[in-house]
Amino acid sequence: MSNLQDIFTYIGENKIGRRYQLRHAAGLYWLLDMEQSGTSYVSPLPLNEAGAQILQMLADGMSENEIGGRLCEKYGVSPGEAKNDVRDFIMQLKDKKFDLGGVR
């Protein structure tokens with residue numbers, strides 16, 4: 001994937017609003033909630049390149065199955081493992097209180 005640092009410019013303007021940013025530092029991508037106030041602080045979520053790619057595919061409207069297929073091709077994992085990885089990633093976002101709205 002090219003321009004991973006531009007993912008949240010795209011997502012912010014077209015899918016989710018300007019709430020989230022993806023930054024690259026210390027060898028990881030960091031998902032940041034830019035609209036926080038008060039004491040309910042949501043810590044940045046560290047992502048590897050695969051996580052950033054999954055996030056982009058979700059923002060592009062791809063289904064879990066479609067994303068799983070892409071992961072199978074790129075990383076050589078089984079369809080079941082890929083689908084579980086996508087579901088786990090989405091659950092991690094929800095558990096960490098990242099509300100991605102229309103992103104599945």
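Among the elements of the protein chain in this predicted model, helix α1 (residues 7-16) has the lowest mean pLDDT, at 48, while α3 has the highest, at 93. Across the protein chain the average pLDDT is 78, and 78% of the residues score at least 70. Where pLDDT is low, the predicted coordinates should not be read in detail.

**Packing of α3 and α4**
- Helix α3 (residues 64-75) packs with helix α4 (residues 79-95) at an angle of about 120°, their axes lying 8 Å apart, and the two helices are therefore oblique to each other.
- The crossing of these helices, α3 and α4, is right-handed.
- On the α3 side the contact involves E64, N65, I67, G68, L71 and C72, which meet P79, A82, K83, V86, R87 and I90 in α4; by class, this contact of α3 with α4 has 7 nonpolar, 2 polar and 3 charged residues.

- When neighbours within four places in sequence are left aside, I54 is in contact with I67, L71 and F89.
- The C-alpha atoms of I54 and I67 are separated by 6.9 Å, although the two residues are 13 residues apart along the chain.
- Both I67 and L71 also belong to the α3 residues that meet α4.

Note on methods:
Residues are numbered from 1 along each chain as its sequence is written. This is a predicted model: local features need pLDDT of at least 70, side-chain atom pairs count only at pLDDT 80 or more; totals for chains, interfaces and linings use all residues. Side-chain values use heavy atoms; hydrogens and water are left out. Contact means heavy atoms within 4.5 Å. Axes are lines fitted to C-alpha atoms, for helices over the stretch in contact, and angles run from 0 to 180 degrees between N-to-C directions. Helices (H or I, at least four residues) and strands (E, at least two) are DSSP runs, numbered from the N terminus. Angles under 35 degrees count as roughly parallel, over 145 as roughly antiparallel, 65 to 115 as roughly perpendicular and the rest as oblique. A crossing is left-handed if the near helix is turned anticlockwise from the far one by less than a right angle, and right-handed if clockwise. Ala, Val, Leu, Ile, Met, Phe, Trp, Tyr, Cys and Pro count as nonpolar, Asp, Glu, Lys and Arg as charged, and the others, Gly among them, as polar. pLDDT is the predictor's confidence in each residue, from 0 to 100.
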